[in-house]
Amino acid sequence: MLQTVDLECTRGERLLFTRLNFEVAPGTCLHIAGENGSGKTSLLRILCGLLSPTAGHVHWGGESIRKLREDYWQQLAYVGHLNGVKDDLTALENVRYGAAVTGRAAPLARARDALAELALGNFEGSHARFLSQGQKRRVALARLFLAEEAKLWILDEPFTALDVRGVAVLSDLIGRHTARDGIVVLTTHQDAPLPGRVTRLDLRAAEPI
Amino acid sequence: MSNTFTAVVRRDLLLAVRQRADVANTLLFFLVVVTMVPLGVGPELNTLRTIAPGVVWVAALLAAILSLNRLFANDYADGSLEQMLLTGEPLPIIVLAKAFAHWLVTGLPITLMAALLGIMFDLGVEPTAILMVSLLLGTPALSLIGAVGAGLTLGLRGGGVLISLLVLPLYVPVLIFGAGAVEAVAGGQSPQGHLLLLGALSLGTTVLAPWAIAAALRISME
């Protein structure tokens, strides 16, 4: 279970949010909504442990993620605003090295399947620099297929640049993850159909301190 | 843990092969800097023999500095670094692997090229061999210390200049003992003491630097 306690975040001169308390139970998808600049990405980075909150804590299974560190990250899969896709590696190499570098097994067959699911089967040997934005996004999302054992998925605008079919595949993937008691935390502006149990968290626009 | 280490090394080597121009630039820079010196100093062989070890070592330091940008900047820009920070594997192992891969494509070729430069400066067989041994022992420390600087200056404006200011002073001991080893053997003394100290520096940084690099990267990502 993911839980925040009195979370506060200031970036520059702006207070993005304060006294933010919420819980995400297993099998739930948390949709974080809010205007541009309301602190969605900052909140996700705090939940990942990439950014320290100005005040407050994030707990995973009752323990602070600052204490758990690697034990927490092992159960986390993050797809950020940046794809983390290397232009000079092929789509397949990106998926396999992406998994291996984060300590996950990346058998060839599963990596191939992941790309095929995202309609990149014919592009597995193409260098990522020759792929379109949407295709690169798919390569980044293909890592999620190899991160099924990660309980918590944190996705920053995962639907950006995806076509209709890509959106459907991703919604389905998210649905399957929550169905096996995983947790998904995501931000999106699109009215993507999110399957399963979805709770919504609205962040208000930031006010200057 | 060792799987992750090998995976990161293989990934970075593959990227280095695909971005050959970047790697070649560093090595060419090293060669050109060293070649410039006889043109400036004049062709007097005795002078050249005396200054050769220092010149080669200073050029190696500059080449190392020049190549440090490549170490984390690309991974930072495309988001791969974020992924590396969020793994169940210890970050020091990952950065050690990155520094090792960096050494394989800069320190190691520089060491091998020193054989050629030894002939160019008419150093003689034994001093050239010692020059190569000193580079082999010292360049790992250059990659590791440099990686700390690269981690700290990540994402900063003007990071390139700042990194030189941060890292060059820390390279001083490596330079002194590296060039000192060759001068000792040319002067008829044993280079053993210098070489042992160089080895100790590299071993020490292998143990300590990964933790410093990991901490630097976490700070830079905030």
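What percentage of the 209 residues of chain A count as buried? In this predicted model, the share of chain A that counts as buried is 45%. The secondary structure of chain A consists of seven helices and ten strands. With a radius of gyration of 17 Å, close to the 17 Å given by the globule rule for 209 residues, chain A is therefore as compact as a globular protein of that length. The C-alpha trace of chain A extends over about 50 × 30 × 30 Å along its principal axes. Of the contacts in chain A with a separation of 6 or more, 71% are between residues 24 or more positions apart.

Chain A is divided into domain 1, made up of 1–75 + 151–209, and domain 2, covering 85–149. A distance of 23 Å separates the C-alpha centres of domain 1 and domain 2 of chain A. Eleven residues from domain 1 of chain A and nine residues from domain 2 of chain A take part in the contact between them. On the side of domain 1 that touches domain 2, helix H7 of chain A (residues 164–179) gives the most, with five residues. The residues of this side of domain 1 comprise seven nonpolar, two polar and two charged.

Methods. Residues are numbered from 1 along each chain as its sequence is written. Chains are lettered from A and ligands numbered from 1 in the order in which they are written. This is a predicted model: local features need pLDDT of at least 70, side-chain atom pairs count only at pLDDT 80 or more; totals for chains, interfaces and linings use all residues. Domain bounds come from an automatic or database domain assignment. Two residues are in contact if their C-beta atoms, placed from the backbone, lie within 7 Å. Helices (H or I, at least four residues) and strands (E, at least two) are DSSP runs, numbered from the N terminus. Ala, Val, Leu, Ile, Met, Phe, Trp, Tyr, Cys and Pro count as nonpolar, Asp, Glu, Lys and Arg as charged, and the others, Gly among them, as polar. The radius of gyration is taken over C-alpha atoms; the globule rule is 2.2 Å times the number of residues to the power 0.38. A residue is buried if 20 or more other C-beta atoms lie within 10 Å of its own, exposed if 12 or fewer, and partly exposed in between; C-beta atoms are placed from the backbone.
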